Amino acid sequence: MSEGAAQHQHGHGHQMSEDEARRMFEPEAWEERYAGEAKMWSGNPNPQLVAEASGMVPGTALDVGCGEGGDVVWLAQQGWTVTGADFSATGLESARRHAEDAGVAERTTWWQVDARTFDAEGRQFDLVTSHFLHTPDGSMVDVAGRLATAVAPGGHLLIVGHAPSEVFTQLSQSHRNAMFLAEELLPGLPEGFEALVVEQRPRSTVRDGVQVDIDDSTLLARRLR
């Protein structure tokens with residue numbers, strides 16, 4: 001689940017059943033959302049990515065759950081060679097078009113993959129990043145471990161998600177269960193990783209036309225060997 005998914009549910013005129021809510025985490029539901037003509041996201045990079053990656057030397061990057069590719073485009077504009085990964089083929093096609101429009105197509109490639117069953121297949125990247133990717137069954141610890149396998153020695157893993165908040169009380173139980181604190185992901189890190197940032201960072205956003213304060217759970221770790 002992304003921030004947009006949370007807002008999407010919040011704006012429904014009826015209270016979702018748990019079955020409906022859980023369906024929102026599946027590829028078919030995202031195919032439907034990305035099939036519309038309107039963009040779902042602003043296209044702006046996520047703020048914690050900008051905060052952390054701006055100080056890194058550009059290399060190769062993997063963005064898992066890239067959606068329409070806003071972070072992929074930004075990284076490519078900074079000089080990274082980026083692979084955008086998502087389980088929605090429609091989302092990836094939209095991201096590909098946005099990269100072309102931004103003039104960074106030559107720095108981007110695309111990979112359809114489900115983070116819950118992610119296998120790096122021997123690929124390694126200097127930066128592996130994922131923003132607002134949430135699973136309804138509390139399996140983000142496992143996802144963190146899977147993503148860590150794609151980090152090259154000396155590279156970084158950056159995972160950012162929603163921290164539990166009263167702002168989200170109207171969401172389904174599945175959506176609330178999907179939120180996490182940064183420290184809860186630490187058990188997923190393999191040996192040889194050093195946690196550099198483990199914190200909840202405050203951020204203001206707009207929900208239903210109202211500015212609210214939420215926290216971004218932010219985990220940044222470096223692979224030492």
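E121 is found in the loop between β3 (108-112) and β4. In this predicted model, phi of E121 is near 55°, a positive value in a residue other than glycine. E121 is exposed, with a relative accessible area of 55%. A positive phi also occurs at F132, which is not a glycine either; the value there is about 60°. F132 belongs to the loop between β4 and α7, and with a relative accessibility of 5% F132 counts as buried. Just after α5, G79 takes a positive phi of about 105°.

| Residue | Phi | Location |
|---|---|---|
| F132 | about 60° | loop between β4 and α7 |
| G79 | about 105° | just after α5 |

Next, the strands around β1. Strand β1 covers residues 60-64, and four of its five residues are buried. With strand β2 (residues 81-86), β1 pairs in the parallel sense through five bridges. Within that pairing, V64 has A85 of β2 as its bridge partner. Between the two strands the chain passes through helix α5 (residues 70-77), and this β-α-β crossover is right-handed. β1 is also joined to strand β4 (residues 125-131), by three bridges, and these two strands run parallel. Here A61 stands opposite L127 of β4.

Helix α5 itself has seven of its eight residues buried, so the rest of the structure largely encloses this helix. The buried residues are G70, D71, V72, V73, W74, L75 and A76. Their cover includes the helices α4 (47-53) and α6 (89-101), together with β1, β2, β3 and β4.

Which residues have the most contacts inside the largest nonpolar core? They are L62, F118, V128, L147, L157 and I159, in a core of 26 residues. At least two residues of this core come from each of β1, β4, α7 (140-148), β5 (151-162) and β7 (210-223). Helix α7 gives the most, with five residues. In soluble globular proteins, nonpolar side chains tend to be buried together.

Leaving out residues up to four places away in sequence, L157 touches V128, A144, L147, A148, V151, L189, F193, L219, L220 and A221. A second, separate core has 21 residues, among them V73, A76, W80 and L220.

G154 lies in strand β5. Its relative accessible area of 45% makes G154 partly exposed. Which residues does G154 contact, apart from its neighbours within four places in sequence? The contacts are with R222 and R223. G154 and R222 are 68 residues apart in sequence, but their C-alpha atoms are 6.3 Å apart in space.

Last, the confidence of the prediction. The mean pLDDT of the protein chain is 84, and 77% of its residues reach 70 or more. Over residues 1-14 the pLDDT is below 50, although this stretch has 42 contacts in the model beyond near neighbours in sequence. Where pLDDT is low, the predicted coordinates should not be read in detail.

Notes:
Residues numbered from 1 in each chain as written. Predicted model: local features only at pLDDT ≥ 70, side-chain atom pairs only at ≥ 80, totals over all residues. Heavy atoms only, no water. Buried < 20%, exposed > 50% of the residue type's maximum accessible area, 1.4 Å probe, protein only. Pairing = 2+ DSSP bridges. Right-handed = clockwise from strand over helix to strand, strands pointing away. pLDDT = per-residue confidence, 0-100. Contact = heavy atoms within 4.5 Å. Core = buried A, V, L, I, M, F, W, Y, C linked by side-chain atoms within 4.5 Å.
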